[in-house]
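Subject: Structure handover

Hello,

Here is the structure I promised to send over. Please open it alongside this note, as my findings follow below.

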Amino acid sequence: MADLSLKHIYKVYPNGTKAVNDFNMRISDKEFIVFVGPSGCGKSTVLRMIAGLEPITAGELKIGDVVVNDMEPKDRDIAMVFQNYALYPHMTIYENIAFGLRMKRVPKDEIDRRVKEAAEILGITDYLKRKPKEMSGGQRQRVALGRAIVREPKVMLLDEPLSNLDAKLRTQMRSEIVKLHKKLNTTFIYVTHDQVEAMTMGTRIVVMKSGFIQQIDTPKNLYKYPSNKFVAGFIGTPQMNFFEGTLKKVGDEVVIDFAGSDAKITVPYSMMMKTTPSYLNGDKPVIIGLRAEDISLDEEKVQKSAAKIKVKISHTEELGTETLVYGDIDMNGDGFAETNTRVIIKSGGFKDYTPDEVLEAALDISAVHLFDKDTEESILPRIPEYNYVDCVSRGGKLSFSGVNIAIPPAICLDEGACELLIPPTAITFGGDIPAEVEGCEDISGKVLISLEIGERRMFALSDRKLPEGKTAISIDLKQVAVNMGGEQVISPMPTVNTLNGTFSMVKSKVQRSDGKKQKVRTYYANIAGKQLVMPEEVYLKMFSALSGRKVYNTTFDYEFTPYDFTLAQDGLEGEVQAMLDYGSELFAKVKVGGSILYIKAENEVAGKVFLLPEMAKVSVIEKERGIRIV
Ligand code: ADP
């Protein structure tokens with residue numbers, strides 16, 4: 001039993017295929033994790049890297065507290081079950097299950113105990129003397145599971161184990177595997193391309209596409225809060241309806257206008273508070289997503305609804321307990337082609353609908369999903385990117401609805417109306433701005449706090465829930481952008497400092513206390529003409545990502561935060577360009593070679609300075625393949 005940690009994991013196959021990109025995830029002990037996505041998205045590659053069957057190009061894989069990147073598969077305490085169960089045909093079921101343990105020279109009576117226990121759990125005790133050919137597909141898959149169970153692994157990996165079974169058996173084995181997970185009480189990682197399998201089995205699901213994680217969440221949250229159009233369309237049957245349209249905020253309301261049809265509805269702005277404001281001006285095309293069950297033809301519901309659209313019915317599909325009604329919100333549409341106006345509606349029970357009949361449908365706007373038309377990312381995210389605050393800059397203060405914040409020297413702002421873009425992370429608790437906690441929402445391990453600040457709703461992030469009622473906050477202005485006259489006039493202070501450089505190693509001999517000479521190797525990052533000693537741990541990661549001589553012939557991006565430097569007598573030579581005083585913190589803007597760095601400073605500095613970066617905290621990026629090595 002163990003936790004797993006995957007940090008910045010990449011896989012580039014020797015032929016150049018980048019199968020996995022920056023995969024980050026922590027898996028807790030006893031979780032049932034499902035990797036799901038279309039064929040070729042990289043899910044088996046991740047599983048095979050965890051198993052040790054495929055070398056990891058870059059990144060760190062930990063099982064428990066141990067980094068296992070270079071550990072042999074047999075030493076990882078992991079068992080893997082494949083789609084093709086590959087049993088030995090000439091051996092009995094007992095021998096097949098016992099085989100791995102025999103090879104490990106486990107004592108005979110221990111093998112017997114484990115095989116019988118596994119057979120009992122899997123309900124195949126009566127078949128132990130049979131040969132595989134005398135078993136059905138489902139029973140054979142159970143034997144394959146048995147072979148994995150007897151190894152008593154810390155982690156069970158299952159790669160599409162049910163794909164070879166027919167639909168009925170698949171459903172049955174699905175619940176048996178869930179039951180098995182409960183019984184064994186160990187971590188399961190399961191790969192499938194079938195979203196129904198993922199939704200019914202996983203405690204958390206990782207949706208992947210083209211080597212990138214799209215979203216990691218519980219089945220319920222993936223369904224309710226997909227973070228982009230891909231996840232929204234991949235999860236759920238029938239597929240979510242996607243319409244094109246625009247949003248326009250008029251006073252306290254938002255008008256949703258569906259393109260290609262006359263459909264137009266008005267909803268209270270309070271329902272769409274998290275929507276990115278730049279989409280609310282009525283001219284930016286958006287994708288409007290609504291699931292089939294969030295649209296209703298029920299007459300009573302339609303009568304009561306304030307959000308109605310006309311649908312021309314085309315045809316229906318009877319599913320027994322419910323009917324899928326196909327139609328079009330474009331009165332000239334045919335309801336068959338997958339267009340931006342085609343609609344599928346779930347209707348309970350059996351009901352007759354006449355083709356070409358025009359009916360009114362009620363939309364449940366509390367369940368609407370909105371996506372950018374080009375990036376397809378959600379524009380109604382659970383955690384909004386920014387709080388947008390209309391504000392006035394006057395007399396050295398930023399003022400909005402009764403709140404006044406002193407403008408620190410680092411921000412040079414003209415007087416006049418402006419808009420603040422405040423990320424939720426920039427609001428911290430404790431400070432001198434009075435606020436009221438209105439509610440808390442748990443979102444993937446973080447807590448989104450709804451605040452009322454000067455009659456204005458704002459969102460902050462916290463590690464823990466806060467009681468409703470009065471509180472006080474402060475705003476970290478170095479994270480805030482300011483727009484004036486439609487232009488961004490103040491940008492947040494960069495938090496990543498990038499320096500180009502190379503790598504080198506120097507071998508030398510030192511005299512030990514016993515008089516003998518000892519060979520030592522020193523590793524260096526060569527940045528702006530300086531050699532900076534690099535910890536061996538960093539070198540080892542670089543060497544494993546870029547084996548052989550290549551590590552000496554590559555230019556890297558070395559990244560540091562503003563807090564990773566000290567001003568010293570020696571180090572990288574730089575020229576101070578400005579001091580940024582944010583009130584509570586002071587930073588120096590320093591030019592080093594061709595790079596501009598932002599460095600935390602204790603006091604004002606000027607002219608020539610020397611900077612020592614803390615090499616143990618470096619991030620190393622290999623630009624050619626776009627890989628984060630450390
Ligand atoms: P999935 O399991 O999601 O179907 P895979 O992890 O098997 O996807 O593959 C991800 C990508 O890597 C695909 O583009 C595939 O063609 C490629 N790939 C897989 N194995 C190899 C290999 N041994 N050599 C080169 N490319 C590979």
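Buried here means under 20% relative accessible area, exposed means over 50%, and partly exposed lies in between. Keep in mind that this is a predicted model.

Glu 441 belongs to strand 25 (residues 427-443), while Arg 382 sits in the loop between strand 20 (369-372) and strand 21 (387-394), so the bridge ties together parts 59 residues apart in sequence. Glu 441 is partly exposed, at 26% relative accessible area.

There are 33 salt bridges in the structure. Here are some others.

- Arg 628 and Glu 559 pair at 3.6 Å, N to O. Arg 628 is in strand 41 (residues 627-628) and Glu 559 in strand 34 (residues 556-560), so this pair links parts 69 residues apart in sequence. Both residues are buried.
- Asp 514 pairs with Arg 512, with the closest N and O atoms 3.0 Å apart. Asp 514 is partly exposed at 47%, and Arg 512 is partly exposed at 36%.
- Glu 110, Arg 113, Arg 114, Glu 117 and Glu 152 form a salt-bridge network.

Now the nonpolar side. The largest nonpolar core has 44 residues. Val 207 is among those with the most contacts inside it, as are Ile 97 and Leu 145. Leaving out residues up to four places away in sequence, Val 207 touches residues including Val 36, Phe 212, Leu 222 and Phe 230.

Best wishes

How values were computed: Residues are numbered from 1 along each chain as its sequence is written. This is a predicted model: local features need pLDDT of at least 70, side-chain atom pairs count only at pLDDT 80 or more; totals for chains, interfaces and linings use all residues. Side-chain values use heavy atoms; hydrogens and water are left out. A nonpolar core is a set of buried Ala, Val, Leu, Ile, Met, Phe, Trp, Tyr and Cys residues joined through side-chain atoms within 4.5 Å. Buried means under 20% relative accessible area, exposed over 50%, partly exposed in between (1.4 Å probe, protein chains only). Contact means heavy atoms within 4.5 Å. A salt bridge is a side-chain nitrogen of Lys or Arg within 4 Å of a carboxyl oxygen of Asp or Glu. Helices (H or I, at least four residues) and strands (E, at least two) are DSSP runs, numbered from the N terminus.
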